[in-house]
Amino acid sequence: MPEEKSILLRMRGRVQGVGFRPVVFRLAHELGLRGWVRNDAAGAEVALAGRGGDIAKFRAELPGRLPAAADIQSVEELSAPAELPAGFEIRTSAAPDGARVAGILPDLATCPDCLREILDPKDRRYRYPFANCTHCGPRFSIIEALPYDRGNTTMHAFRMCPACEEEYRDPRNRRFHAQPNACPVCGPSLSWMRADGTVLEVRDEALRAAAEAIRGGWIAAVKGIGGFHLMVDARDGGAVRRLRERKKRDEKPFALLFPGLDSIRAACEVSAAEQEWLESQAAPIVLLKKREGAALAREVAPGLPWIGAMAPYTPMHHLLMRELGFPVVATSGNLTDEPICTDNDEARARLGGIADFFLAHDRSIARPMDDSVMAVCGGEPVMMRRGRGLSPCSMPMAGAPDGWVAAGAQMKSVVALTAGGNAVMSPHIGDLDHEGAVRLWERAVNDLAGLHGLEPRAAAADLHPGYASTQAAAEWGVPVAGVQHHHAHIAACMAENGLEGPVLGIAWDGTGLGTDGTIWGGEFLVCTRRDFRRAAWLRPFPLIGGDASAREPRRAALGVLREMGSGHPPPGFSRAELAVLDGMLREDFNVVRTSSAGRLFDAAASLLGVCQKMSHEGQAAMRLEALAGEAEAPAYPFGWRGAALDWAPMIEAMLSGGEPPAVAAGRFHATLVEMMVAAAKREGLRDVCLSGGCFQNRRLLAGAWRRLREEGFRVWSHREIPPNDAGICAGQLAVALARA
Ligand code: ZN
Ligand code: ZN
Ligand code: FE
């Protein structure tokens, strides 16, 4: 008999809650290996004993057998424990010690097998809204602690029936150790109620009642994975308008939930890459081009050619949408700017004035998560918001000590924590202007630290003293590294792409505090992860009237015209208003100067008559991008004033050109791209990083990619991390770690 070998493999990556252990179990059985597999705090351990050749075969074959959601990042080889069983076993989790860093899985959209079961009248889970298995179902939204075992999830409240228990214990079953395993006998169930809590229907009747109500034009609050949605018939203008009024949301586009891919295709153009994202287990909202004559109410996304579309991602959504057969608005259950509601009682209290009825269930949500939002540009993903399905997001940060926390920014805030050589980012929190969001931000920090068993040891925050995140970080009693906003944007892009620099970072966004006390936002920074030098910027102009100026493109236009000394009349003001604002400018009262690219977009949008006052952030720039369409357009002239790129010749030409606004909008985009090329050539660094909220504009992003590459630069942008302020936390960590 050949000599027996033994080994212990410590695996790191996404190996918990994805059906990893059953795969190991089956493979070990096939090869006649002895030993065990178990989850530990940081991943999984596999102990093997048998012939050396069989162990080698095991290691070679395992990667090809992994379930879709699993991913082994590293394997450490250790000596095997002395005692191994006679067969192969799946063991319970090891007691947690040290930092708990096992890749926490995002919530996974319903898999084809589970979908087949809920549509099969002979299956015991027929029409069951909470079916799931090791390949799909809730994860991060139910996890209260690690390791990922049922007792550590919000499913601990439900005791499995014998049939479910049997599946759970059978290594050959798809539901072997599926922590949220449930069925109509033992699992969560639906109820349909009024805002006062009166239950009208339960179970399948509740689902049918919800469909009936939505079909009738009522507003329903529907509890999903990460919180409540507000739903109405997306074809019914009156119903959508009523939702806008009650939610106090003027024009910001609503996302739509469709019955399936066919109905998405009927309303929108869908590329192969977009289809892949729509059908992925992340099931995000994907921004798609709306088809002419799509049967959707104008009120869904007024004035925009795009629709935020998503496919059903839980059995409940599949069943509800099949019942309906038409798209519904599915917007976060909140008043504008407040965090999404997760708790049944809280939802009835806060949404009682908006929703007519509630479709709730009795599985608790461990943490709120909005839907993720993304777009595809040139086949590549552009993340705009990472929430349900794409959170938590972790990015390798080699050598990072545990317990460093990044506070993020003020808008679109996200926090990050270092754990096990990764930066782990929280789901989207929101704008910290609202008190509820600040509480949620604090909760997110404690949540990340608590899940990983870490205490914050050091922090990084924005330089802006007015950011709620910066203020709160100062109270943690740990050293805080101040990181300049645009340096953080570029450092996030460098970290995501594994660059150390120096690079030329093009950081274009709405606002961020500069090191000179002015508002930056059109920056060309020569960056390493540690430091930066402000190499060039867009010519600054005055913004008159404080915060209001960020919401009124006409004020940006006024500032641009006054800076140029142009005689062109500023659009959208009464004579009295102009007199007041010009007085403030003369007295330098409540005037800030800014190099912001975002505000330059606002100014152009105002001058082209596209938007004078915004109901939501980014509205003017989105409309300008939409107006420009995809037609090629030549750049306008521009110049340099010292290190500042001067847009005055462009505005001059725009105002005197007499071109159709769509052409002028296209030429405006082309000019900004040529400014980037000019600055990159002047600096002469080979690597160029693009970051900041302006790069959510796909015309600008695609133009920058194309032109900079044509000129021989290597161009880097984001794929995983949003270019907007949600990415700031990752950059803050990268800078703080480089300085340490
Ligand atoms: Zn499944
Ligand atoms: Zn059951
Ligand atoms: Fe920013």
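Residues are numbered from 1 along each chain as its sequence is written, and chains are lettered from A and ligands numbered from 1 in the order in which they are written. In this predicted model, local features need pLDDT of at least 70, side-chain atom pairs count only at pLDDT 80 or more, and totals for chains, interfaces and linings use all residues, while side-chain values use heavy atoms, with hydrogens and water left out.

The zinc ion (ligand 1) is held at 2.3 to 2.4 Å by the SG atoms of Cys 111, Cys 114, Cys 133 and Cys 136 (donors are N, O and S atoms within 2.8 Å of the metal, or 3.2 Å for Na, K and Ca; water is not among the atoms, so sites may look incomplete). The spacing of these donor residues in sequence is C-x2-C-x18-C-x2-C. Cys 111 has a relative accessible area of 5% and Cys 114 one of 0%; each is therefore buried (under 20% relative accessible area, with exposed over 50% and partly exposed in between; 1.4 Å probe, protein chains only).

Four domains divide the chain: domain 1 (4–90), domain 2 (190–361), domain 3 (392–483) and domain 4 (503–721), with bounds from an automatic or database domain assignment. The centres of domain 2 and domain 3, taken over C-alpha atoms, are 31 Å apart.

The lining of the second largest pocket divides into 23 nonpolar, 15 polar and 8 charged residues (Ala, Val, Leu, Ile, Met, Phe, Trp, Tyr, Cys and Pro count as nonpolar, Asp, Glu, Lys and Arg as charged, and the others, Gly among them, as polar).
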